[in-house]
Every structure is written in structure tokens, then in C-alpha cells.
Amino acid sequence: MNEIGGNKILLEDKDTRIFLDFGKSFSRRAKFFEEFINPRTSNGIVDFITMGLLPDISGVYRDDLMKLTGHKVEKPEIDAVLLSHAHSDHADYISFLHEDIPIYMGQTCHLILKALEERSSRTIEREILDYKPRPYNIKDKPIERKIETFTTGDKFKIGSLEIEPIHVDHSVPGAYGFIIYTSEGPIAYTGDIRLHGFKSEMTRDFIKKAKDAKPIVLIIEGTRINEKQLEESEEIVHKESGNIVSATDRLILVDFNFKDVDRLRTFYNIAKENNRKFVVKLNDAYFLKYLSQDKNLDVPNIDDEDIIIYLPKRGSGKYSDSDYKGKDSQFIDLHNAWTAEQIATREKKVLCAIGFFSFTALIDMKPKPGAIYIHSASEPYNEEQQFDQVRINNWIKHFAMTQFQSHCSGHARGQDLLNVVKEIDPKILFPVHTEHPDAYHKVTKNLTIIEEGKKYAVNG
């Protein structure tokens, strides 16, 4: 496979068949499609299967999509999907699965997916919690999927399998690894993990449980297995970015993935420490609305005294109530909803979580020279992101801003991954989510480099 993301791992035991994740492969999709050429919804799932975005297997996909393309409707032959976390490369293509297949996920993962569903327009590639049969009328009610939620400490059975979900630390909350007790012995699946974040003890909980289980198989991610070792942590991001903020009285923009709750808290706290209000985009207010419901996350709600919701200019361009339709209207009358012009008059008093895709706000904010842009996400790693970086640089130059980079990855460092394998010591190692699976040869002779579509039998 040799790719990062797009996890779809089928596990069969006796008469039980489950998927570990069912995600979108960004790299594979980008080979054929982009903004102005997309798979045709009118062609059901044919475009996705033909171009290798979905596996061509029976008894898996939605009835409406099968009918749309003239295929025979089949009873689902999959018993469940275990979703490790809410990132698109693990979750999004659940959208195509049959409505009778139950989806198991962590409670916080469910909250994130609810926020994503409410803030986004419906597309065929993002119908995880519910879907509308194709072709559909906008007035049709969506069909709800069978969602089962869990927390660490829960155990449940699916057919011949007993599943133990265990929390892990990642750049999105509600991430889990799994220990799956099969008729041949335990199988451990890491999902995506890291050991340098605020909650590294959660990943260590998983490692200990997996080690104690003596798994016959460990399925482990390897996103950064071959990268140069860096000194990184959320504490370093906080210190670096805090120093930048405290040294200026200019407007500050920060750019990060809002689902990264550690990063959200970091910049929210930096804003408070520097007597600034934390400004969030209108569509990111949905994350505050839902994630603040999980008290363990310590996420501020939309009415927090230190939160400002940025109202973008739409429709009439005059911030009329009618410009904000649908679910966005719930935020526009809040006392803490500000326009770009209101933010501009208080540039010393705000820290704006407004990234590249909202840079048009700078035209209205008219920042003074020396305004700050902190990019707190991964640096460009493909051609499309490099083009975005060129555009970012052009905006920064046009408005005479100063740019900084400060980031800490959501994936474990290479040496940490090697140490995990040594500690768990599985009989068989299957690396996934990596372009360099062979790097695990450094610590084990029990390595199997998997090939797409091939079955692997394991014996206890």
C-alpha cells in the first residue's frame, strides 16, 4: 500500500467480518481529481471504484448507490466498522457503506462528527452519521446510521470478536486504539498515535494493555517512521507562540486545524495570558458548541467571555441577518459576534484563529504593517500545499505581515514507534499508514509488508 491514510482494514474471524476504519485516501484521490474535476455523484459509486478510491467488494455499499448504477442490491456482509478517530482519512468513506452496518466510535469522536455535519454542506463523501438516498430532494429526511459509542473501560462483542477500545493521544480528541480478541488470539490496532503530546499517558495505557495481551498481530501506523527526530511538544508551541504574541501590539492571525483541541487550548490560553480575546471563525463555532459538552476536554463554549465569533461578509455585504442562512443564523445575534471592522478597531485586543482560507478578511481588517501570522500546522508536503504556501506568502507580503511557524505533530516520532514495537513485541507486525513500512525491520524480523487486496492468515 505504502501510503499515508485511507485506512480500510478488513478483519475476518469465523463468520464475523469487521472493518478497522474506512477512510478517504487523499493521495489517491488527488491523482485523478481536484477542485474542478470530481467523481460524479450521478454515477453512484462507479467512479470511486473504477479509479481505485473504493475497494470493489460485494455486500458493503448502500442500496441507493447500487440501484443508481444498475447493480444488484445485496444484504450487507460486514458486521461492523470500528472507527479509531474522526480524521477524514479514517472516517469519510463510511459515507458509502450500507445503512445496516453499525459504526462503533468514541463518544468524543461522535461529537466531532456532529460538529462537522452541522457546519458543512452535504456531499456524497461526507455522510458519516446519516445520508440522503441518491438521487435526493433537498427536503428529504436523512437516513440515520446505526451509531454505537464507547469510552475507555468499555468492552463489547461483535460476533465471535470481543473488542476493547483504549484511548490514545493524537491531534484530534476521542482517538482510540483497539485490542481485538479473536479465536486465534489478540490483535492490536494503534489507529494514529503520538507520545509527545499533552495526553501521552493515554497512548502509554494502550501500549501497556497491548503488551499484556501478548498479541499475535500488531497493526501499527508509521506516518513519521523515517523522519528526522525533532524536539517537539505542545509546551514548546505554547512557549514559542506566547513569546511572539507578548512582543507585539499588532493584529495576530493564527492558522491551525480547529479539531486539534490541544492547539485550540494553547492559543485560547495565550490570548487570555496577553489580555486578548480569542476570535474564531463562524464555522469553527460549531466545534466549540459540541466539544464544550465533553467536560474532560476543557473547551470553552461559544458564550465564553474570552471568545469572539468572527462574522464574515456575505450576501448583501452589509451584515444583514438574511445574509446568514440555515444553521449559521444561531450565532449571528450573540453579543460576542463581531465583524471584521469591529475586530480592526481592537487589533491590540484580539488573537484571531483565522487561517489562509479566510484571508479575504484582511481586506476588511486593514491590518497595520507588522501584523503577525503564526502558521501552526504541518509544513507543505505535496504540490497542492506548496501552491497554497505561495499564495500565503503573497498575502503576507501584500499586507506587510510577519510570518512564523510553530507546530507539533499529531503522529509519533520514528524512534517512539520503534520503541512501541519493541515493547509490545507482537508475533507479526503489519505496518499501515506509512510510505516506509520496511523501516520497521530495524526492530523486528516478524514484519509483513502488506499488499492491497491480499488476504493474510494469522494463527495463534
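Contact here means heavy atoms within 4.5 Å. The structure is a predicted model, in which local features need pLDDT of at least 70 and side-chain atom pairs count only at pLDDT 80 or more, while totals for chains, interfaces and linings use all residues. Residues are numbered from 1 along each chain as its sequence is written, and side-chain values use heavy atoms, with hydrogens and water left out. Helices (H or I, at least four residues) and strands (E, at least two) are DSSP runs numbered from the N terminus.

**The five-stranded sheet**

- Five strands form an open sheet in the order E1-E2-E3-E4-E7, with mixed pairing; two strands pair if DSSP finds at least two bridges between them.
- Strand E1 (9-13) and strand E7 (147-150) are the edge strands, and each has a single partner strand, so one side of each lacks a neighbour in the sheet.
- On average, neighbouring strands of this sheet are turned by 25 degrees against each other, direction ignored; the axes are lines fitted to C-alpha atoms, for helices over the stretch in contact, and angles run from 0 to 180 degrees between N-to-C directions.
- Strand E3 (residues 80-82) runs parallel to E4, joined to it by two bridges, and Leu82 has Tyr104 as its bridge partner in E4.
- On the E7 side, strand E4 (residues 103-106) pairs in the parallel sense over four bridges.
- Tyr104 has Glu148 as its bridge partner in E7, and Gly106 stands opposite Phe150.
- From E4, Ile103 and Met105 point one way and Tyr104 and Gly106 the other, and all are buried, that is, under 20% relative accessible area, with exposed over 50% and partly exposed in between (1.4 Å probe, protein chains only).

**Helix H5 and Glu118**

- H5 lies across E4 and E7 and runs at about 100 degrees to E4.
- Glu118 belongs to helix H5 (residues 107-119).
- Glu118 counts as buried because its relative accessibility is 13%.
- The side chains of Glu118 and Tyr290 make a polar contact at 2.4 Å; such a contact is a pair of N or O atoms within 3.5 Å, where within protein one must be able to donate a hydrogen and the other to accept it, and residues adjacent in sequence count only if both atoms are side-chain atoms.
- Apart from neighbours within four places in sequence, Glu118 is in contact with Tyr286, Lys289, Tyr290, Lys327 and Gln330.

**Helix H6**

- Ser200, Thr203, Phe206, Ile207, Ala210 and Ala213 are the buried residues of H6.
- They lie on the same side of H6, because they cover an arc of only 145 degrees around the axis; the arc is that of the directions from the helix axis to the C-beta atoms.
- Their cover includes strand E9 (161-167), strand E10 (176-181), strand E11 (186-189) and helix H13 (414-424).
- Just after H6, Lys214 has a positive phi of about 55 degrees.

**Helix H13 and strand E12**

- The residues buried in H13 are Gly414, Asp416, Leu417, Leu418, Val420, Val421 and Ile424.
- These pack against H6, strand E12 (217-221) and strand E20 (428-432).
- E12 pairs with E11 in the parallel sense over three bridges, and Val217 is the bridge partner of Ile187.
- Val217, Ile219 and Glu221 point one way from E12, Leu218 and Ile220 point the other way, and all are buried.
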